[in-house]
Protein chains: 2
Amino acid sequence: MHITIIGSGNVATHLAAALKNAGHKIIQVYSPNQHNAAILAYHVGAKPVSDLSNIDGAAADLFIISVKDDVITDICRELSVYQKLIVHTSGATPMLPGDKRGVFYPLQTFSKTKELDFSQVPLCIEGSDEQVTAMLEQLAYTLSRNVYRVNSSQRKILHLAAVFACNFPNALYAIAQGLLAEHQLDFNLLRPLILETAEKVQQSLPAEVQTGPAVRRDQKTMNDHMQLLSPEPVLQDIYQILSQRIIKMDNALKGDE
Amino acid sequence: MHITIIGSGNVATHLAAALKNAGHKIIQVYSPNQHNAAILAYHVGAKPVSDLSNIDGAAADLFIISVKDDVITDICRELSVYQKLIVHTSGATPMLPGDKRGVFYPLQTFSKTKELDFSQVPLCIEGSDEQVTAMLEQLAYTLSRNVYRVNSSQRKILHLAAVFACNFPNALYAIAQGLLAEHQLDFNLLRPLILETAEKVQQSLPAEVQTGPAVRRDQKTMNDHMQLLSPEPVLQDIYQILSQRIIKMDNALKGDE
């Protein structure tokens, strides 16, 4: 397909590269920041555009809008004059109203500085009608094995769940790293544990592989930990609320058996 | 070395197997549960024992106690008559007092049903004197590349940090899985995201790769998420306290720049 990418952030960068690798033609890359547009356009063999009025509306079959959520609607309105298929990549934004609209939401965390295997990225697809959905699905399968039809209300839940599965665990890693740093301990001590914890749930359900003092009801260790955290009451609150959650989850699991 | 393993849980199982693979001789495996002692003993070519009075005190150079924290002291007292080196594997328990005592703490999460590369496991070593420490260090290097000398007060912090780096992220995975299940969405959608989040911090520091609505100060998305969580006030509390932590962490990071 002939595709124009609107945006030059992490998602736009990885998606544009994956599309190019899959044999699609990236026509233009738009970013209001000329420098960013130029960098990404260069990497994917496209023309950079930093003014929406310079978009070549005839050349593209598809516009992929990958920008901050609060400007998606405005950009879509400007592009609608070309009467082409327009999708966005946002987990938190409903599909835009109108014909020839869709969503192409890659459920992954992207960094510009870290390569990743796009063929494993779950792609969540929605289209304004069956023809659009089927076409986006076909496009998605050229990039990834993991393609799902997900409607706007399901996608909202997915996006929320991703915060719990990605953003919050990372915040906890940061807390752990901070505790170590305060005591001159190397974060490398924890890195294998972090990776193994994530690898464990690739086959199992998390509730079934829960470990640690809370699931063991090891009150003495929990008391010791609360004591160690006493200089940071917020960390005590986090410790307590998550420990209680683990106990409740484990009770529910055992009740189910 | 000639080693007797006290315990048959996850840590005892993985450690005994790694010791055997490294060429050490496991003499006996003790568990009060005869069946569990027999299974592990069979796997590592040792004799099972389910009564401490049947321990062969002369045959072992080293006793490794890998049991619930609250029985470590009692078992150590019973074994002390043999005057051999005695270590435990607990992150939360100080080194036992006396000569020829030590700690051999593998900082990893183990499941009996999942293999893992023991050569990557960080081993935290402490000894009652320099000779013991050096000997345990040498033993540790036969199993793993990642060997650290860690004293009892540092080990307490490590163990606490491991709760934040492993047990709590797993609890958040479980919350995410629960949200998906309630909406007939497959947990496979989130598995690549979970793995990538853990892989990202293998090279970077977590605070530097934080993503999501909180670090973007995307208040609209956060409000939407709080609304979606309204049936479960505990999840709202968790959402709020972790989002606030992310914002505070990001402010500190930017303040440092």
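Modeller: The expected span of a helix is taken as 1.5 Å times one less than its number of residues. The model is predicted, so local features need pLDDT of at least 70 and side-chain atom pairs pLDDT 80 or more, while totals for chains, interfaces and linings use all residues. Residues are numbered from 1 along each chain as its sequence is written, with chains lettered from A and ligands numbered from 1 in the order written.

Helix α4 of chain A (residues 130–141) has 12 residues, which should span 16 Å, and its end C-alpha atoms agree, being 16 Å apart. Helices (H or I, at least four residues) and strands (E, at least two) are DSSP runs, numbered from the N terminus. Within α4(A), A:Leu136, A:Leu139 and A:Ala140 are buried (20 or more other C-beta atoms within 10 Å of the residue's own; exposed means 12 or fewer, partly exposed in between; C-beta atoms are placed from the backbone). These three lie on the same side of α4(A), because their arc around the axis is only 100° (taken from the directions from the helix axis to the C-beta atoms). On the face turned away from that buried side are the exposed residues A:Glu130, A:Gln131 and A:Gln138. The cover of the buried residues includes β5 (85–88), β6 (101–106), β7 (123–127) and β8 (147–149) of chain A, contact being C-beta atoms, placed from the backbone, within 7 Å.

In chain B, an open sheet of eight strands with mixed pairing runs β3-β2-β1-β4-β5-β6-β7-β8, pairing requiring at least two DSSP bridges. Its edge strands, β3 (47–49) and β8 (147–149) of chain B, each have a single partner, so one side of each lacks a neighbour in the sheet. Strands β6 (residues 101–106) and β7 (residues 123–127) of chain B are antiparallel partners over five bridges, and B:Tyr105 stands opposite B:Cys124 in β7(B).

How values were computed. Two residues are in contact if their C-beta atoms, placed from the backbone, lie within 7 Å.
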